[in-house]
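Here are some notes to go with the model, meant for someone opening it for the first time. Have a look around it, then read on.

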Amino acid sequence: MSRSISFSKKVNLDSTKINNLICDFSNYKNFIPGCTNSISLEKTSSWELGQLEFNLLGKTSYIKTKNTYEENHIIMNQVEGPFDDFKGEWIIENLGKEFSNVIFKANFKLPFLIDAVTPNTLIESMSEQIINSFIKQAR
């Protein structure tokens, strides 16, 4: 079963600063909860292939994504990882000097057994923690 999440938060931050932070893949290990390593594997001016390592509940897992960069819009597609399918996007709307709306959307499919025992409330809580970690780091 496919699931989706969507968050939007207005913040007192410049959109360029938020966009630059999201595009700094190798820095994720310094602020995303549970992320123990983040590596940029390949990078061009319009996309980046990176890998994140997570240690959650005593288990190490990896996700490799290709992130495509457009102005204030980042599209993520899982290349390898724990999801059967994962597609996400960040949209950073400039609301004027030092104000932005940060939007995160994702559609994903968990493996059958994990999907059966993972409530939506847990997914939403973890997702909100990750999104808030980006905003906190940008401040």
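Is Asn67 buried or exposed? Keep that in mind for point 1, and remember throughout that this is a predicted model.

1. **Asn67 and its cover.** Asn67 counts as buried, because its relative accessibility is 1% and the cut-off for buried is under 20%. You'll find Asn67 in strand 4, which covers residues 59-70.

2. **Who Asn67 meets.** The side chain of Asn67 has a polar contact, at 3.0 Å, with the side chain of Thr65. Leaving out residues up to four places away in sequence, Asn67 also touches Phe25, Tyr28, Ser46, Trp47, Glu48, Ile74, Ile75 and Met76.

3. **Asn27, a loop residue.** Now go to the loop that runs between helix 1 (15-22) and strand 2 (35-43): Asn27 sits there. Asn27 still counts as buried, because its relative accessible area is 19% and buried means under 20%. With residues up to four places away in sequence set aside, Asn27 touches Leu21, Ser38 and Gln137.

4. **Ser127 in helix 3.** Helix 3 takes in residues 120-138, and Ser127 is part of it. At 12% relative accessibility, Ser127 is another one to file under buried. Not counting residues up to four places away in sequence, Ser127 touches Ile5 and Phe7.

5. **The overall layout.** Stepping back, the protein chain has three helices and seven strands. Read from the N terminus, the order is β-α-β-β-β-β-β-β-α-α. The radius of gyration is 15 Å, close to the 14 Å that the globule rule gives for 139 residues, so the chain is as compact as a globular protein of that length. Along its principal axes, the C-alpha trace spans about 45 × 30 × 25 Å.

6. **Inside and contacts.** How much of the chain counts as buried? The figure is 40% of the 139 residues. As for contacts between residues at least 6 apart in sequence, 44% of them join residues at least 24 apart.

7. **Surface and charge.** The protein chain exposes about 8,100 Å², and carbon and sulfur atoms supply 52% of that area. On the charge side, there are 15 positive and 16 negative side chains, with the centres of the two sets 4 Å apart.

Methods. Residues numbered from 1 in each chain as written. Predicted model: local features only at pLDDT ≥ 70, side-chain atom pairs only at ≥ 80, totals over all residues. Heavy atoms only, no water. Helix = DSSP H or I, 4+ residues; strand = E, 2+ residues; numbered from the N terminus. Buried < 20%, exposed > 50% of the residue type's maximum accessible area, 1.4 Å probe, protein only. Polar contact = N/O pair within 3.5 Å; in protein donor to acceptor, adjacent residues only side chain to side chain. Contact = heavy atoms within 4.5 Å. Rg over C-alpha atoms; globule rule 2.2 N^0.38 Å. Areas by Shrake-Rupley, 256 points an atom, 1.4 Å probe, with all protein chains shown as cover. Lys, Arg positive; Asp, Glu negative; His and termini not counted. Charge placed at Lys NZ, Arg CZ, Asp CG, Glu CD.
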